[in-house]
Amino acid sequence: MSEVLSDVTRAEYCVITCAEAWRDNGEVLASPMGTVPSIGARLARLTFAPDLLLTDGEAMLVGPDGTVEGWLPYRQHLTMVTGGRRHVMMGASQIDRFGNQNISCIGDWERPARQLLGVRGAPVNTLNNPVSYWVPRHSTRVFVEKVDMICGVGYDSAAAAGPTTTRFHRIPRVVSSLGVFDFATPDRSMRLASLHPGVTVEEVREATGFELTVPEKVPYTREPTGEELELIREVLDPQGLRNREVKG
Amino acid sequence: MSDKTMSADEVVGRLESGMTIGIGGWGSRRKPMALVRALLRSGITDLTVVSYGGPDVGMLAAAGRIRKLVAAFATLDSIPLEPHYRSARESGALELMEIDEAMFMWGLHAAANRLPFIPVRAGVGSDVMRVNPGLRTVTSPYEDASTGLQETFVAMPALRMDAALVHVNRADRLGNGQYLGPDPYFDDLFCEAADTAYVSCERIVDTAELTKEAAPQTLLIKRHSVTGVVETPNGAHFTSCAPDYDRDEGFQRLYATTPWPEFTERFLHGGEKDYQSAVQAWHALEEERR
């Protein structure tokens, strides 16, 4: 390993694994929520996924340098969701073993202990286009046995609701500060897919509030290439905002 | 043709307690805040509010005017959680119909098209169904060409409203409304989905002026769906109204961190002019402090 690669930060591994979510997606809209996924989406666009579409966060489709190439107001954005030509990476205040996600509220819905964002577009997203998740602080508060309000639909809820619901439902991955997770198990429960270098399986288990499937051999998250690191550090995030979202 | 111009107070004079009112814009973007402030000055209450929620929802909730809210969220964008909406929810102060952003849009479409519902692939499998026991599903009468299945969808009910309040950049006296920013949001749909619609604007101009420099596609709202037009310069403040002005982030922070009674005392004690002067005075004071 070269000297440059030895000082890769945790946030940079997270950027790489977020970017990987959009590999081989083709000509679809990459919709990242959060700092690290945003850097990841632009990194993917600049390197191995050049056909991706990106937005400026409002109503414009833009190239990685900000050049406007299209117009995407909310009403058309929602059609892109239901048309399926989009892969979103959303946040999660809570996520459970089957990928049910909550961003609405904590506690009893009737009178919540903490009102959060609301369901927003999580229900329509999970039933129509691939939805990955990003959790910048992996803890038992986020990775819970049961979410308080199902906003994003998980595999068990989708299966229970029937074929209309499962038809386009897919959660490709969950990226957290500790590793990458997927649902490649017989019962579609969450599995540890890779550990970020420096993290142990024990650490992940302790920070997860449900029983996680851990394969016998867990790979480490891949190293960024020299070109990727240069793009992240000098082009996409010279101010180092990524290291504020994820420490270490 | 009729001149539909009126004042914000005249708009509010046509509204009543107990009504269902739709509010245009999105989050903290192009909200008809001058009309909301006029509503706050009135005694109108017990409202059902339909909104892609921002400070419109926050202020009306803080003032105790909302009986029921229909929304997918309430946010200030740069401040993710609307503080007054949050308090209202955490104290159980309002009834909520919490639905998905797309379900909300199809509810507006249904109302605008005089349909009782529109089928949507959203909601099923989520707790939107649990917290809205009144939501029904509908099975397609057609077999899907590729799967052979007759799929089951949520029958999103029409979100029909008594009145809609929206804010745009320009309008003429007849009610033709023009947006010049990046996103129309759903303001045209709000107007079409309501029995009456009131359009506030930064500036009223002659009809011919509307397309002098702007493309015809900017003419979002058609006069047949509009009841009244109000000229309210800076009327979306403190939300954004691009390209006329951006969000007033400093003032929004003040709003979000000031207890509601203190905020109303300082900024909402008088009319719209008093509000705008009080905001200017606050900015002048902030400048001095720097």
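Predicted model: local features only at pLDDT ≥ 70, side-chain atom pairs only at ≥ 80, totals over all residues.
**Entry 1: chain B overall**

I started with the make-up of chain B. I found 11 helices and 12 strands in its secondary structure. I then looked up the radius of gyration, which is 20 Å for chain B. The globule rule gives 19 Å for 290 residues, so chain B is as compact as a globular protein of that length. Along its principal axes, the C-alpha trace of chain B spans about 70 × 50 × 35 Å.

Next I checked burial. Of the 290 residues in chain B, 51% are buried. I also looked at how far apart in sequence the contacting residues of chain B lie. Taking contacts between residues at least 6 apart, I noted that 74% join residues at least 24 apart.

**Entry 2: where the chains touch**

I went to the interface. Here 36 residues of chain A meet 35 residues of chain B. Which elements of chain B each supply at least two residues to the side that touches chain A? I noted helix 4 (83-90), helix 5 (101-112), helix 6 (128-131) and strand 7 (152-157). Sorted by class, that side of chain B holds 19 nonpolar, six polar and 10 charged residues.

**Entry 3: the largest nonpolar core**

I looked up the largest nonpolar core, which has 150 residues. The members that touch the most other members are Val15(A), Leu35(B), Leu108(B), Ala164(B), Ala193(B) and Val199(B). Helix 5 of chain B gives the largest share of this core, with nine residues. Why does the core lie between domain 1 and domain 2 of chain B? Domain 1 (8-99 + 159-249) and domain 2 (118-157) both give residues to the core, so it lies between them. As a general point, nonpolar side chains in soluble globular proteins tend to be buried together.

I took Leu35(B) as an example. Not counting residues up to four places away in sequence, Leu35(B) touches Ala8(B), Val11(B), Leu165(B), Tyr198(B), Ser200(B) and Val230(B).

**Entry 4: helix 4 of chain B**

I returned to helix 4 of chain B. Its buried residues are Pro83(B), His84(B), Tyr85(B), Ala88(B) and Arg89(B).

I traced the strand pairing in chain A. Strand 11 (residues 174-176) runs antiparallel to strand 12 (residues 179-182), with two bridges joining them. A hairpin through two residues connects strand 11 to strand 12 of chain A. I saw Val174(A) opposite Phe181(A) of strand 12.

Strand 12 of chain A also pairs with strand 13 (residues 191-195), again antiparallel, through four bridges. In this pairing Val180(A) faces Ser194(A) of strand 13.

**Entry 5: Arg188(A)**

I finished with Arg188(A), placed in the loop between strand 12 and strand 13 of chain A. Is Arg188(A) buried or partly exposed? I counted 18 other C-beta atoms within 10 Å, so Arg188(A) is partly exposed; buried would take 20 or more.

I looked up its contacts too. Leaving aside neighbours within four places in sequence, Arg188(A) is in contact with Phe98(A), Tyr155(A) and Phe183(A). I also noted the C-alpha to C-alpha distance from Arg188(A) to Ile171(A), which is 10.0 Å across 17 residues of sequence.

Key. Residues numbered from 1 in each chain as written. Chains lettered and ligands numbered in written order. Contact = placed C-beta atoms within 7 Å. Nonpolar A, V, L, I, M, F, W, Y, C, P; charged D, E, K, R; others polar. Core = buried A, V, L, I, M, F, W, Y, C linked by C-beta atoms within 7 Å. Buried ≥ 20, exposed ≤ 12 C-beta atoms within 10 Å, placed from the backbone. Domains from an automatic or database assignment. Pairing = 2+ DSSP bridges. Rg over C-alpha atoms; globule rule 2.2 N^0.38 Å.
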